Amino acid sequence: MNEFVPVRRADARAVKELAVISGKGGTGKTSLVASFAALARSVALADCDVDAADLHLVLAPRVVRRQPFSAGKRARIRPGHCTACGKCEEICRFDAIFFDGAGNGVVEKTFRVDPVACEGCGVCAWYCAEGAIEFEPVVNGEWFISDTRRGPMVHARLGIGGENSGKLVSTVRTSARRIAEERGLDLVLIDGSPGIGCPVIASVTGATLVLAVTEPTLSGLHDLERVAELTRHFGIPTLVSVNKWDLNPEVCEQIEAWARQRGLGLAGRVRYDHGVTEAQIHGKAVVEYQRDGCASDIRAVWAHVEAWLETPVSGPLSRPT
């Protein structure tokens, strides 16, 4: 049976980082993050779900700074220099080059690079004897620093088909931490991406604590197992919260038993509540919209998380018995 590797918690005076993640999309982690932002006393926000950011829908940020994000390069054929030799099409392993470009007075047709299919490997530019292929940095998206009613927020928008989302996540997270340090804030609250891929790794590596949000389904348990393996690998203390637990109490108990068995802490359950949707319609976090129902559950979860963050101890949350 796997145990979580002991890790040393950051100094109690240092800026702490809480990353909220889930094994799949739609578990409710962003709703929890929005409520945590409303409950926290001193917080900077980082929306690291750059492929499908939506925390701004609740917190209504006012952008004070925006920056283009560029990570990677893309090929482009200059028609006026292309001799239509076909070498680029021959060596492209991604089928990104097509013989349907504009003529140039020397040849009737030239080659063209599909910007979506191009993987930016640069082989075509390297082998083009005529130097007809430009290989330059490309803008993949934008990132923003904003003010919200609950504190500063760093967020981003990755372009359609944009690459290097992990690098964009790192940019967002690093900027949020810098703002927290400059303004004397205690916590960076990270809304992570779903899954276990590169954006998630960039969201959680080195975090003080991870809160894994799951659903009371067998697929939810499976996804939680993958997330827990990821945080175990990086030695990050992890709490689990089951959202909409009352939709399937038996599976909820099964998930919590599994979590305890593997040394994961339990942050508490959150019931299913139509108030979440109603709050979102009004542009609010559910704890801003109502005091009872799931809002009381979320306050209890936050109290558990906050108590853990304020306890400067070393080692994992718990060990399997």
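These are my notebook entries on what I looked up in a predicted model of one protein chain.

**Ground rules**

The model is predicted, and I number residues from 1 along each chain as its sequence is written; local features need pLDDT of at least 70, and side-chain atom pairs count only at pLDDT 80 or more. Totals for chains, interfaces and linings use all residues, while side-chain values use heavy atoms, with hydrogens and water left out.

**Entry 1: the whole chain**

I began with the overall figures. The protein chain has 11 helices and 11 strands. Helices (H or I, at least four residues) and strands (E, at least two) are DSSP runs, numbered from the N terminus. I looked up the box filled by the C-alpha atoms, and along the principal axes it is roughly 75 × 45 × 40 Å.

Of the 321 residues, 48% count as buried. Buried means under 20% relative accessible area, exposed means over 50%, and partly exposed is in between (1.4 Å probe, protein chains only). The chain exposes about 15,300 Å², and carbon and sulfur atoms supply 51% of that area. Accessible areas come from the Shrake-Rupley method with a 1.4 Å probe, and for residues only the protein chains shown count as cover.

I then looked up contacts, where contact means heavy atoms within 4.5 Å. Among contacts between residues at least 6 apart in sequence, 77% join residues at least 24 apart.

**Entry 2: the sheet**

In what order do the strands of the open sheet lie? I read E3-E6-E7-E2-E8-E1-E9-E10-E11, which is 9 strands with mixed pairing. Two strands pair if DSSP finds at least two bridges between them. Strand E3 (62-77) and strand E11 (265-270) stand at the edges with a single partner strand each, so one side of each has no neighbour in the sheet. From one strand to the next, the twist averages 20 degrees.

I checked two of the pairings. E2 and strand E8 (residues 187-194) are parallel, with 5 bridges, and aspartate 47 has aspartate 191 in E8 as its bridge partner. E9 and E10 also run parallel and are joined by 5 bridges. Threonine 214 has valine 242 in E10 as its bridge partner.

**Entry 3: helices on the sheet**

Next I looked for helices that pack on this sheet. Helix H8 (residues 249-261) touches strand E9 (209-214), strand E10 (238-243) and E11. The direction of H8 makes about 165 degrees with that of E11. Axes are lines fitted to C-alpha atoms, for helices over the stretch in contact, and angles run from 0 to 180 degrees between N-to-C directions. H11 packs on the sheet too, touching E1, E8, E9, E10 and E11. For H11, the angle with E11 is about 165 degrees.

**Entry 4: strand E10**

Is E10 enclosed or open? I found that 6 of the 6 residues of E10 are buried, so this strand is largely enclosed by the rest of the structure. In a regular strand the side chains alternate between the two faces of the sheet. I therefore looked at each face of E10 separately, and both are covered. Thr238, Val240 and Val242 are buried on one side, and Leu239, Ser241 and Asn243 are buried on the other.

**Entry 5: salt bridges**

How many salt bridges does a search of the whole structure find? The count is 21. A salt bridge is a side-chain nitrogen of Lys or Arg within 4 Å of a carboxyl oxygen of Asp or Glu.

I noted three of them:

- Glutamate 17 and arginine 177 meet at 3.5 Å, N to O. Glutamate 17 is in strand E1 (residues 16-22) and arginine 177 is in helix H5 (residues 165-183), 160 residues apart. Glutamate 17 is buried at 6%, whereas arginine 177 is partly exposed at 26%.
- Arginine 41 and glutamate 310 meet at 2.9 Å, N to O. They are 269 residues apart, with arginine 41 in the loop between helix H1 (29-39) and strand E2 (43-47) and glutamate 310 in the segment after helix H11 (294-309). Arginine 41 is exposed at 67%, and glutamate 310 is partly exposed at 49%.
- Glutamate 142 and arginine 157 meet at 3.8 Å, N to O. Glutamate 142 is in strand E6 (residues 133-148) and arginine 157 is in strand E7 (residues 151-158), 15 residues apart.

I also found that salt bridges with shared partners join Glu17, Arg173, Arg177 and Glu181 into one network.
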